[in-house]
Every structure is written in structure tokens, then in C-alpha cells.
Amino acid sequence: MAKITISRDRGWADKIRNYIIVLNGQKAGTISEGKEIESNLEKGNYELYVKIDWCSSNKLKFSILNSNEEKKIIVKSSLRGFRIFLASLYVLLAPSKYLKIEEI
């Protein structure tokens with residue numbers, strides 16, 4: 001089976017809260033600040049995102065083509081630097097950009 005590793009970086013925003021991992025529309029687990037989780041996936045097409053309350057990340061689509069494939073994903077808060085002061089705007093106007101998820 002292929003392996004997926006999801007890492008969450010460290011930061012002030014949501015420091016003590018877990019993000020919910022959603023894979024193909026189903027809750028697949030949670031991840032806390034600074035942690036990493038691994039899981040096995042079968043061949044196929046996937047859509048992955050993370051959320052917290054009503055806010056979420058972009059949706060990352062990927063395919064697993066080989067059983068020995070490895071995917072590495074990182075989850076970050078968009079509230080970095082001066083943006084931490086814009087938290088209310090993200091929540092109200094751009095809830096799907098509150099978090100970021102990308103393949104590394």
C-alpha cells in the first residue's frame with residue numbers, strides 16, 4: 001500500500017486546537033500542532049482538506065498510482081505574521097482560506 005504523511009506546522013493560531021482531516025468527504029482523523037501522522041492508502045483518486053469549526057483549507061486532489069508511492073502533505077494556518085490580526089476577516093469573508101494544505 002502507498003503511504004501518506006500529513007504534518008502540521010507550529011504557530012500561534014489554533015495552537016491548542018486540533019484540525020480535522022477530511023479525506024474524500026469523510027473524517028479521517030485529527031492532527032494537533034507540530035505533529036505528524038501516517039496512513040496507508042490504496043490506489044485511486046483522493047481529495048484531502050483540513051478544517052476547524054466552519055473554516056477550512058483549500059482542497060488538495062491527488063492520485064495514488066503505485067503501491068510503493070509516498071505522499072507528503074503539510075498543513076499550515078494562513079494567520080502568519082501580521083495576518084494574525086486579520087483572523088476575524090478570514091473567518092467571515094474567506095473561511096476556505098483560513099488554513100493551507102500543500103504537497104511537499
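These legends go with a set of close-up views of a predicted model.

Before you start, know that residues are numbered from 1 along each chain as its sequence is written, and that side-chain values use heavy atoms, with hydrogens and water left out. Because this is a predicted model, local features need pLDDT of at least 70 and side-chain atom pairs count only at pLDDT 80 or more, while totals for chains, interfaces and linings use all residues.

**View 1. Four strands make an open sheet in the order E4-E1-E8-E9.** Strands here are DSSP runs of E with at least two residues, numbered from the N terminus, and two strands pair if DSSP finds at least two bridges between them. The pairing in this sheet is mixed. At the edges you'll find strand E4 (36-41) and strand E9 (99-103), each of which pairs on one side only. Neighbouring strands are turned by 20° against each other on average, direction ignored; the axes behind that angle are lines fitted to C-alpha atoms, and angles run from 0 to 180 degrees between N-to-C directions.

**View 2. Strand E1 meets strand E4.** E1 covers residues 2-8, and six bridges join it to E4, the two running antiparallel.

**View 3. Arg-10, Lys-15 and Glu-33 form a network of salt bridges.** A salt bridge means a side-chain nitrogen of Lys or Arg within 4 Å of a carboxyl oxygen of Asp or Glu. Arg-10 meets Glu-33 at 3.7 Å, N to O. Arg-10 is in the loop between E1 and strand E2 (19-23), and Glu-33 is in the loop between strand E3 (26-31) and E4, so this contact ties together parts that are 23 residues apart in sequence. Lys-15 also bridges to Glu-33, with the closest N and O atoms 3.1 Å apart. Since Lys-15 sits in the loop between E1 and E2, its pairing with Glu-33 in the E3 to E4 loop ties together parts that are 18 residues apart in sequence. Glu-33 is buried at 13%, Lys-15 is partly exposed at 39%, and Arg-10 is exposed at 56%.

**View 4. Lys-15 lies over the face of Trp-12.** The distance to the ring centre is 5.5 Å. To count as sitting over a ring, NZ of Lys or CZ of Arg must be within 6 Å of the ring centre and within 35 degrees of the ring normal. Elsewhere, the charged end of Lys-59 sits over the ring of Tyr-49, 5.1 Å from its centre.

View 5. Glu-103 belongs to strand E9 and Lys-71 to strand E8 (residues 70-77), so the pair ties together parts 32 residues apart in sequence. Lys-71 is buried, at 11% relative accessible area, whereas Glu-103 is partly exposed, at 38%.

**View 6. The structure holds one aromatic pair.** Tyr-46 and Phe-62 are stacked, 5.5 Å centre to centre with 20° between the planes. Rings of Phe, Tyr and Trp (its six-membered ring) pair if their centres lie within 6.5 Å; planes under 30 degrees apart count as stacked, over 60 as edge-to-face and the rest as tilted. Tyr-46 is in strand E5 (residues 44-52) and Phe-62 in strand E7 (residues 60-64), 16 residues apart. Tyr-46 is buried at 13% relative accessible area, and Phe-62 is buried at 6%.

Methods. Buried < 20%, exposed > 50% of the residue type's maximum accessible area, 1.4 Å probe, protein only.
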